[in-house]
Amino acid sequence: MPTEQSSTQHFDVVIIGSGAAGLTTALQLPNHLSIAIICKQALKSGATPWAQGGVAAVLDEKDSVESHCSDTMAAGAHLNNAKMVKSIIEDSTESIHWLIEQGVPFTREDKEQITNDKEGFHLTKEGGHSFRRIIHAADATGAAITSTLIDRVLERKNISVFENRIAVDLITSPDNHGQSACVGLYVLNLDKDQVEAFQAGSTVLATGGASKVYLYTSNPDGASGDGIAMAWRAGCRVANMEFNQFHPTCLYHPHAKSFLISEALRGEGAHLKLPNGERFMHKFDERKELAPRDIVARAIDHEMKRLGCDHVTLDISHKPADFIKSHFPTIYERCLKFNIDITTEGIPVVPAAHYTCGGVVIDHKGRTDVRNLYAIGEVAHSGLHGANRLASNSLLECIVLGRAAAKNIEKHHQEASGYPKLNIPAWDDSLVTDSDEDVIISHNWDELRRFMWDYVGIVRTTKRLERAKHRVDLLMREIHDYYSNYKIGRDLIELRNLVLVADLIIRSALQRKESRGLHFTLDHPEILATAKDTLLTPPPKQPTWR
């Protein structure tokens with residue numbers, strides 16, 4: 001609860017998240033605006049550094065916007081917003097050029113191999129793509145983009161970085177027209193163990209997805225659905241939360257926490273094999289290993305359950321060793337640490353929760369239902385991905401919509417900053433106590449992720465979903481009581497957000513009476529003739545501050 005005193009920090013723009021979406025937005029804003037970037041951990045700890053494959057864009061002379069759009073719509077089972085798809089892809093080339101201008105060291109083609117790529121960058125091909133259109137920095141593209149953009153951010157005197165802080169809730173207030181507007185947020189300073197208030201003319205959610213709601217995931221620990229949950233509590237609609245992408249190939253090893261084996265390996269000819277060395281993807285799709293991720297993940301899941309095996313293998317050892325080491329140095333070195341030499345043997349892999357295709361409803365400028373609140377990247381539902389994200393479109397979305405949101409914020413800055421500096425009430429924890437029952441949080445965390453994996457995973461049934469709904473309802477009540485009576489910490493904040501996101505996923509999945517894209521249910525195996533989004537609307541929102 002807020003109190004009467006306040007020590008609010010004031011900025012023109014507050015950005016929550018330090019991945020590609022947040023950093024791009026910050027860098028595209030003009031120098032005269034004061035900007036704060038809120039980071040849950042260190043500045044470089046977002047999800048973007050984990051991205052290996054690259055950025056999809058129209059860069060090859062043989063490629064076209066129409067082809068990229070067609071591939072995106074096909075992968076998304078035609079649930080995509082066609083206008084949004086075209087708009088984002090039309091801006092893909094310019095966005096890549098902007099990244100190059102920032103200094104991102106994309107891999108260049110050997111001079112003697114330059115044929116149809118007039119700019120000399122090596123382009124790879126991934127599942128669902130008709131052309132080589134993935135520009136990359138070896139197999140560590142996300143890390144290269146992040147480090148480059150961070151360097152540019154640190155050069156900007158108008159950008160302040162606040163590390164080791166986790167957002168608690170957005171602060172809303174009626175605007176001059178009586179509509180709900182975001183005026184800032186409460187943030188828990190993890191170093192000082194106290195809640196701080198930030199006021200902002202515009203607030204940008206760039207918090208990533210919610211894959212930590214599942215037991216097995218390729219995502220970093222911070223992917224706990226914070227932005228989706230905060231936006232919902234602030235009055236924003238969410239859409240298509242039932243579409244959770246499971247990456248087909250996460251390294252299976254007891255000590256290899258959440259290490260992704262890039263789809264680019266399959267793009268360069270790697271084979272999926274059963275424990276006996278037999279290939280199997282031809283039984284499920286004529287595109288074999290280059291089928292979209294949902295098909296590949298279900299195929300692996302089917303074979304693992306049929307055979308009772310713990311994993312399958314991804315084998316690229318038939319390619320020259322020098323080729324493997326030069327194209328996939330990060331994967332080669334990481335696997336070698338676990339005594340797996342990918343130049344001579346297959347990599348043990350399993351599917352893992354990887355990407356949240358639904359999220360906070362936004363328009364083509366990143367605007368949400370709440371005024372002055374934007375959402376960019378995996379936290380958002382722009383309509384680009386539809387029922388399944390096409391490989392390497394996610395980083396493209398971050399860059400394109402980050403740039404678009406920044407332009408809109410700049411254009412409407414005077415209007416958004418029209419509020420006077422508010423004496424936002426400080427956070428009040430005088431009526432709560434320190435918890436000596438942290439085991440309850442850890443138990444609830446584990447229970448949530450396990451039943452989401454078992455009941456709301458790659459293959460679903462109505463009965464499983466109903467069981468999950470019953471369990472999540474009980475957890476939501478328990479966590480609400482816990483949140484109301486004890487001092488908050490990171491684990492409790494994330495658990496509160498994850499259980500809300502789990503509820504949204506389950507409710508969305510129960511509403512979809514078909515199997516489309518990433519949502520596959522044995523009770524409704526057919527696809528309906530008409531593709532419709534699943535929209536959830538929160539109950540009427542009372543402003544958190546007046």
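On a 1 Å grid over the protein atoms alone, a pocket is an open set of points with protein on both sides within 12 Å along at least five of seven lines, whereas a cavity is a set of points where a 1.4 Å probe fits but cannot get out; lining residues have an atom within 4 Å of a point. Grid points are joined across faces, edges and corners, and a volume is the space filled by probe spheres set on the points. This is a predicted model, in which local features need pLDDT of at least 70 and side-chain atom pairs count only at pLDDT 80 or more, while totals for chains, interfaces and linings use all residues. Residues are numbered from 1 along each chain as its sequence is written, and side-chain values use heavy atoms, with hydrogens and water left out.

**Pocket and cavities**

- The second largest pocket holds about 680 Å³ of space, and of the 29 residues that line this pocket, Tyr216, Tyr252, Val350, Pro351 and Trp453 are the closest to its centre.
- At least two residues of that lining come from each of strand E11 (244-251), helix H8 (293-307), strand E14 (347-356) and helix H13 (438-455), where helices (H or I, at least four residues) and strands (E, at least two) are DSSP runs numbered from the N terminus.
- The lining of the second largest pocket divides into 16 nonpolar, 5 polar and 8 charged residues; here Ala, Val, Leu, Ile, Met, Phe, Trp, Tyr, Cys and Pro count as nonpolar, Asp, Glu, Lys and Arg as charged, and the others, Gly among them, as polar.
- The structure holds 6 cavities of 30 Å³ or more, and the second largest cavity contains about 70 Å³ of space.
- Among the residues that line the second largest cavity are His122, His136, Asp139, Glu268 and His327, and its lining comprises 3 nonpolar, 7 polar and 2 charged residues.

**Aromatic rings and charges**

- The whole structure contains 9 aromatic pairs, a pair being rings of Phe, Tyr and Trp (its six-membered ring) with centres within 6.5 Å, and planes under 30 degrees apart count as stacked, over 60 as edge-to-face and the rest as tilted.
- Phenylalanine 11 and phenylalanine 162 form an edge-to-face pair, because their ring centres are 5.7 Å apart and their planes stand at 80 degrees.
- This pair links distant parts of the chain, with phenylalanine 11 in strand E1 (residues 9-16) and phenylalanine 162 in strand E6 (residues 159-162), 151 residues apart.
- Phenylalanine 162 also pairs edge-to-face with phenylalanine 198, at 5.1 Å centre to centre and 80 degrees between the planes, and phenylalanine 198 lies in strand E9 (residues 194-205), 36 residues away in the chain.
- Phenylalanine 11 and phenylalanine 162 are buried, as is phenylalanine 198, where buried means under 20% relative accessible area, exposed over 50% and partly exposed in between (1.4 Å probe, protein chains only).
- Ring pairs also join Tyr214, Tyr216, Phe246 and Trp453 into a cluster.
- The charged end of arginine 389 sits over the ring of tyrosine 355, 4.3 Å from its centre, the criterion being NZ of Lys or CZ of Arg within 6 Å of the ring centre and within 35 degrees of the ring normal.
- Lysine 319 lies over the face of phenylalanine 323, at 5.8 Å from the ring centre.

- An open antiparallel sheet is formed by 3 strands in the order E3-E5-E4, in which strand E3 (55-56) and strand E4 (123-124) are the edge strands.
- Strands pair if DSSP finds at least two bridges between them, and E3 and strand E5 (residues 134-135) pair over 2 bridges, with valine 55 opposite isoleucine 135.
- Cysteine 398 lies in helix H11 (residues 393-411) and is buried, with a relative accessible area of 10%.
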